[in-house]
Amino acid sequence: MIEIKGVSKAFDRTEIIHNISFSIEKGSIYGLLGSNGAGKTTLLRTIAGILKADQGEITVDGQTVFEMTPIKEKVVFLPDQPFFFTHYTLKQMAQFYKNTYSRWDEEYYHRLTALFEIDIHKKLHKYSKGVQRQASFILALSAKPDVLVLDEPIDGLDPVVRKKLKNVLITEVAEREMTILISSHNLREVEDICDHIAILHQGRFLLEKELDDLKSGIHKIQLAFKGDVPDGLFNKLDVLHKETRGSVLLCIVRGEHEDVERLIRSYHPVIFDLLPLTLEEIFIYEMGDVGYAIQNILD
Ligand SMILES: Nc1ncnc2c1ncn2[C@@H]1O[C@H](COP(=O)(O)OP(=O)(O)OP(=O)(O)O)[C@@H](O)[C@H]1O
């Protein structure tokens, strides 16, 4: 379990992260979304113990991360720009990791290099950016961390590699409860693997929720009645959006599925469909008032 309590971080007296608190359960995949400059990298580096928070506390399994080597070994951070020693091959980098991380898994490392079809003898700087990124994933995963912190990791990877990578990550979570914190400026990049989502905007959370909760509390409904819409129906519903399409009313409503259905059926509609919303629609309707931040992660 990772606990972030009242964390703030400033650079040159400008506060970038403002009093953020949240927790991440062991074995969950937590998506941190936000537009450019929102503070994602700063927050991730602080959580990974690379930066020191100015205020607040970060613990992993009850222990402070910053400058605590035994914990740092369990928390591996993958920056948005892969880092390798100059002119090193993957094999040489792997040797360095092996000496650094006591839980290094050599057999798993070879399995991953085969899966991603990487020549471990070629100098890493001669590879494309995408392959370098795969190499940094192989190194991080083979260190067998409890917590993997990923800063915009999927950028620049082709769809086949993305799929392979997502499968590897999901397997590690399922088999040994690795926890993943993953940032992205695009919801679509991460929505299929995350179970929690937070949206960071100007260093503050706009939203922080379990995906299932987010999806279960909001619905799209299509309605039609024989005559006019019954008086009072909308007073009893929490309506976020309403529009008419011919004789059909399309509404976005908040509430429990059963409660919404029971209420509407009591007015005997001739058409009644309750449809799920995509995550994208949920964000748009829930957070229309912070349009810029949301639009950016949906584009
Ligand atoms: N080392 C630093 N010194 C001074 N300012 C910094 C430093 N690192 C980040 N910042 C500032 O903090 C703000 C947030 O940057 P950060 O990289 O955390 O955002 P981000 O959400 O990761 O953005 P992006 O999606 O563009 O990578 C920016 O205004 C940036 O200029």
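Visitor: What makes two strands a pair in a model such as this one?

Guide: Two strands pair if DSSP finds at least two bridges between them. In this predicted model, strand 9 (residues 196-201) and strand 10 (residues 204-210) are joined in the antiparallel sense over 6 bridges, so they meet the requirement of at least two.

Visitor: Which residue of strand 10 is the bridge partner of histidine 201, and what phi does glutamine 202 take in the hairpin?

Guide: The partner of histidine 201 is arginine 204; the hairpin has 2 residues between its strands, and glutamine 202 takes a positive phi near 45° there.

Visitor: Why is the largest nonpolar core placed between domain 1 and domain 2?

Guide: This core has 64 residues, and among those with the most contacts inside it are Leu32, Ile47, Val149 and Leu181. Helix 5 (residues 129-142) supplies its largest share, 7 residues. Because domain 1 (2-213) and domain 2 (217-298) both give residues to the core, it lies between them. The C-alpha centres of the two domains are 37 Å apart.

Visitor: With which residues is isoleucine 47 in contact, leaving aside its neighbours within four places in sequence?

Guide: Contact requires C-beta atoms within 7 Å, and with those neighbours set aside isoleucine 47 is in contact with Ile2, Ile4, Ile58, Val149 and Leu181.

Visitor: How do the residues of the shell around the ligand divide?

Guide: They divide into 3 nonpolar, 7 polar and 2 charged, with Asp12, Lys40 and His185 among the residues around the ligand. Gly counts as polar, so Gly34, Gly37 and Gly39, which belong to this shell, are counted as polar. Helix 1 (residues 40-47) gives the most to the shell, with 3 residues.

Conventions: Residues numbered from 1 in each chain as written. Predicted model: local features only at pLDDT ≥ 70, side-chain atom pairs only at ≥ 80, totals over all residues. Helix = DSSP H or I, 4+ residues; strand = E, 2+ residues; numbered from the N terminus. Domains from an automatic or database assignment. Near = placed C-beta within 6 Å. Core = buried A, V, L, I, M, F, W, Y, C linked by C-beta atoms within 7 Å. Buried ≥ 20, exposed ≤ 12 C-beta atoms within 10 Å, placed from the backbone. Contact = placed C-beta atoms within 7 Å.
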